[in-house]
Amino acid sequence: METFGSRLHRATRARGPLCVGIDPHAALLARWGLSDDVAGLERFAHTVVEALADRVAVLKPQSAFFERFGSRGIAVLESIIRQSRQAGALVLLDVKRGDIGSTMAAYASAYLDPESSLCADAITVSPYLGVGSLRPAFDMAAAHGGGVFVLALTSNPEGPAVQHAVGAGGRTVAQAVIDEISQLNAGADPLGSVGLVVGATIGETGHDLSKVNGALLAPGLGAQGGSPSDLRGIFGESLRNVLPSYSREVLEAGPDVTSLRSAADRAAAACRAVIG
């Protein structure tokens, strides 16, 4: 069984280092001339998949924008996960789950067990009940070749109050998370299957990412203010493992499929020029 880290490494080499979010929020639906209902959601999501699933390495649906429409929205999410994977894109489901015990195990089963209709290639999780609380997700991912991306250094203004707080050992909370994930990925080749989420707009923070040996998802590029050139200062020698993530910068080019593809191609080229 091929690991997620290996599949991601192969996908980014073949298609370029790019993740595109699928974020059908109300304002973007309106920009596309679509209604803010399940019909608009379905049209939006399937257009993005049609345009990009056969050319970008990773698609990242934000689960909340589908969940807000209830069971019919979840049905759309299930459909685009399936179609994206069939077209060759890896699907990173942005759910940011975090809990303990049997509840975390249930989340892991929902999103990482191949028997589930919501099964994706990888998910995002929150470590702030302790990295150890995420063990069910790590185990489920390892059992089925999936991946997990753990929040570490986020770009929202409230993040540093928690993430930069210094613990008894002198490390920040974020560095403690980074170090635990580094241990999980130790020895993996070409890349571990547990990644981190590190915002593309955080600037230089002094955190050491050099031993992570996993993918570093960098959201916040494009319309959110980050640029590919910013990645050098944030990631340093770990730049080769960065997975840049765009959303609005690409999605606002819709609903025309050709325009969406052109926007994604420009973003991929800009990232490739920095990352290689």
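Lysine 96 lies in strand β3. In this predicted model, the backbone of lysine 96 stands out for its phi, near 50°, which is a positive value in a residue other than glycine.

Valine 58 has leucine 90 in β3 as its bridge partner.

The axes of α3 and α5 cross at roughly 10° and come within 10 Å of each other. Since angles under 35 degrees count as roughly parallel, α3 is therefore roughly parallel to α5. On the α3 side, the contact is made by Val38, Leu41, Glu42, Ala45, His46 and Val49, and on the α5 side by Arg72, Gly73, Val76, Ser79, Ile80, Gln83 and Ser84. Sorted by class, the residues of this contact of α3 with α5 comprise six nonpolar, five polar and two charged.

Helix α3 (residues 38-52) has a further neighbour in helix α12 (residues 257-275); the two pack at an angle of about 60°, and their axes are 9 Å apart. At this angle, α3 and α12 are therefore oblique to each other. The crossing in which α3 passes α12 is right-handed. Here Thr47, Glu50, Ala51 and Leu52 of α3 meet Val257, Leu260, Arg261 and Ala264 of α12. The residues in the contact of α3 with α12 fall into five nonpolar, one polar and two charged.

On the α6 side, the partner is helix α7 (residues 135-144), whose axis comes within 8 Å of that of α6 and crosses it at roughly 30°. These two helices, α6 and α7, are therefore roughly parallel to each other, and their crossing is right-handed. Helix α6 contributes Gly101, Met104, Ala105, Ala108, Ser109 and Leu112 to the contact, while α7 contributes Pro136, Ala137, Met140, Ala141 and His144. The contact of α6 with α7 holds eight nonpolar and three polar residues, with no charged residues.

A pair of aromatic rings is described by the distance of the centres and the angle of the planes. The count comes to two aromatic pairs. In one of them, the ring centres of phenylalanine 4 and phenylalanine 149 are 6.0 Å apart and the planes stand at 85°, so the pair is edge-to-face. Phenylalanine 4 belongs to helix α1 (residues 4-15) and phenylalanine 149 to strand β5, so this pair ties together parts that are 145 residues apart in sequence.

The peptide bond from aspartate 189 to proline 190 is cis, with omega near 5°, and proline 190 is placed in the loop between α9 (173-185) and β6 (192-198). Glycine 254 and proline 255 are likewise joined by a cis peptide bond, with omega about 10°. Proline 255 is found in the loop between α11 (248-251) and α12, the helix that packs with α3 at an angle of about 60°.

Terms used
Residues numbered from 1 in each chain as written. Predicted model: local features only at pLDDT ≥ 70, side-chain atom pairs only at ≥ 80, totals over all residues. Heavy atoms only, no water. Axes fitted to C-alpha atoms, helices over the stretch in contact; angles between N-to-C directions. Helix = DSSP H or I, 4+ residues; strand = E, 2+ residues; numbered from the N terminus. Parallel < 35°, antiparallel > 145°, perpendicular 65-115°, else oblique. Left-handed = near helix turned anticlockwise from the far one by under 90°. Contact = heavy atoms within 4.5 Å. Nonpolar A, V, L, I, M, F, W, Y, C, P; charged D, E, K, R; others polar. Pairing = 2+ DSSP bridges. Phe/Tyr/Trp six-rings, centres within 6.5 Å; stacked < 30°, edge-to-face > 60°.
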